[in-house]
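Biologist: I am new to this structure, so please show it to me, and then let us work through it one question at a time.

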Amino acid sequence: MLPKLHCHPWMDETIEAFRQEVRRYIAREMVPHLDGWRRQGYIPREVWRPLGELGFLLPEIDEAYGGAGGTLAYQLVVQDELASAEMPANTAVHTISAHYILDFGTETQKQRWLPKLTNGEMLAGIAMTEPGCGSDLQAIRTLARREGDEYVISGSKTFITNGYTANLLVVAVRTGGAGSRGVSLIVLETENLPGFSVGRRLEKLGQHASDTAELFFQNVRVPVDNLIGGVEGKGFIQLMSQLPYERMLLAVPAAAVIERAVELTLAYTQERKAFGEPLYELQNTRFKLAECATIAHVVRTFVNDAIQRLVDGKLDDTAAYMAKWWCSEQQCRVTDECLQLFGGYGYMVEYPIARLYADSRVQKIYGGANEIMKELIARKLPL
Ligand SMILES: Cc1cc2nc3c(=O)[nH]c(=O)nc-3n(C[C@H](O)[C@H](O)[C@H](O)COP(=O)(O)OP(=O)(O)OC[C@H]3O[C@@H](n4cnc5c(N)ncnc54)[C@H](O)[C@@H]3O)c2cc1C
């Protein structure tokens, strides 16, 4: 078994006990259903409710809004455990959405939505990407036109995680002129909302249990009170200011998946024989696994350091961009190397390594494509 480098100053006994609780719950209540969720293409919203009731959904939210008031490390531990168990990123998106309300919402907005997001009554999504723009978010076109005490929203979004299952969406809209200053974030409670519709649930290369959908807005009316923070034109700054935390929501699962891939491959190659001996006795297998185990170690060390800095309020944007691109790159590399050691079985989706490989690919694309991460790092050089 690969040693997990979970012992780190941020990982105290309370967090470790929390991790064990989360792990047991996922193994008992979620893992047995995962294949079924993959086949149907989504995890029903009701699945998240008990996680909310147990305090696993948004453990970092203040007690005043129904949370446990933990550090962000608690949320990252949940993401770590979900990724180790091959669960997709639905709750990462949920926490990102909740944090826009927590960090920028008015007191009324926080009281209104955070308790329901924390206890799992509501599942959230963040809708930024449009058919015409992803990386270049300043170009979004979904329009929110003010009419009296309402916004009238028209446009469309695509690739939205939880788009099919969420009942609350934080939507990036254009309330003003061109460019970043015209962008705002508006909350939509989507159940029975006239003019709102979910288009196709998109078929993906991996992450089959996670729903990713198109969304359409045809003169959707929402009260102006749903504008996050109550001031127009702040959306782009709000989106950018959450970045260090959001990048960690991708780097931590990368560490978890890498460790799982190495564990699976070690077990398989010790069992599987070729030319009269276990694959693990072949020097190539041993060297490849030694390389992958080293990567696992380095990634975990990097991630632990970044979590510590995040908890201490010292994680700068650039370090977070580095963690996102580099850890996701290693994740794709290691799952590819490990799959190769399974031979043909590695290509069969009934083998977890095949699913880890396919699920990993998107990590280099979403949450800010890796090329964008590198561009942002380059702008800050020399460090
Ligand atoms: C499974 C999945 C789930 C997703 N979930 C969500 C979600 O919940 N909410 C949401 O809003 N979005 C979501 N997305 C969208 C995701 O964030 C975008 O796909 C991503 O930001 C890239 O945008 P794009 O697809 O439009 O690619 P583009 O922006 O068209 O980029 C295409 C390629 O060009 C490169 N490129 C673009 N600009 C530059 C540049 N300046 N310099 C160098 N290279 C550049 C990119 O790196 C990329 O390789 C999801 C996507 C997927 C696949």
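Biologist: Which residues does Leu279 touch, not counting residues up to four places away in sequence?

Modeller: This is a predicted model, in which local features need pLDDT of at least 70, side-chain atom pairs count only at pLDDT 80 or more, and totals for chains, interfaces and linings use all residues. Residues are numbered from 1 along each chain as its sequence is written. Two residues are in contact if their C-beta atoms, placed from the backbone, lie within 7 Å. Once residues up to four places away in sequence are set aside, Leu279 touches Thr269, Arg272, Ala274, Thr285 and Leu341.

Biologist: Is Leu279 buried or exposed?

Modeller: Helices (DSSP runs of H or I, at least four residues) and strands (runs of E, at least two) are numbered from the N terminus, and Leu279 lies in the loop between β9 (277-278) and α9 (283-311). A residue is buried if 20 or more other C-beta atoms, placed from the backbone, lie within 10 Å of its own, exposed if 12 or fewer do, and partly exposed in between. Because 21 other C-beta atoms are found within 10 Å of it, Leu279 is buried.

Biologist: What does Leu57 contact, leaving aside its neighbours within four places in sequence?

Modeller: Leu57 is placed in the loop between α3 (48-53) and α4 (72-84). It counts as buried because it has 25 C-beta neighbours inside 10 Å. Beyond its neighbours within four places in sequence, Leu57 is in contact with Trp48, Leu51, Gly52, Thr91, His94, Thr118 and Gly120.

Biologist: Which element gives the most to the side of domain 1 that touches domain 2?

Modeller: The domain assignment, which is automatic or taken from a database, gives domain 1 (13-122), domain 2 (125-235) and domain 3 (242-379). The contact takes 24 residues from domain 1 and 20 residues from domain 2. On the domain 1 side, the elements that give two or more residues are α2 (34-40), α5 (90-104) and α6 (107-118). With eight residues, the element that gives the most to this side is α5.

Biologist: How many residues of α5 are buried, and what distance separates its end C-alpha atoms?

Modeller: Helix α5 is mostly covered, since 14 of its 15 residues are buried. The expected span of a helix is 1.5 Å times one less than its number of residues, so the 15 residues of α5 should span 21 Å. That agrees with the distance between its end C-alpha atoms, 22 Å.

Biologist: Which residues are the closest to the ligand?

Modeller: A residue is near a molecule if its C-beta atom, placed from the backbone, lies within 6 Å of it. The shell around the ligand draws at least three residues from each of domain 2 and domain 3, and β1 (124-127), β3 (150-161) and α12 (370-379) each supply at least two. Its residues divide into eleven nonpolar (Ala, Val, Leu, Ile, Met, Phe, Trp, Tyr, Cys and Pro), three charged (Asp, Glu, Lys and Arg) and seven polar, meaning the others, Gly among them. Of the 21 residues that surround the ligand, the closest are Met128, Gly134, Ser135, Ala369 and Glu371.

Biologist: Which residue of β5 is the bridge partner of Val171?

Modeller: Strand β5 (residues 183-189) is mostly covered, with six of its seven residues buried. Two strands pair if DSSP finds at least two bridges between them, and seven bridges join β4 (residues 168-174) to β5, the two running antiparallel. In β5, the bridge partner of Val171 is Ile186.

Biologist: What is phi of Asn219 near?

Modeller: Most residues other than glycine have a negative phi. Asn219 is found in strand β7 (residues 212-223), and it is exposed because 12 other C-beta atoms lie within 10 Å. Its phi is positive, although the residue is not glycine, and is near 50°.
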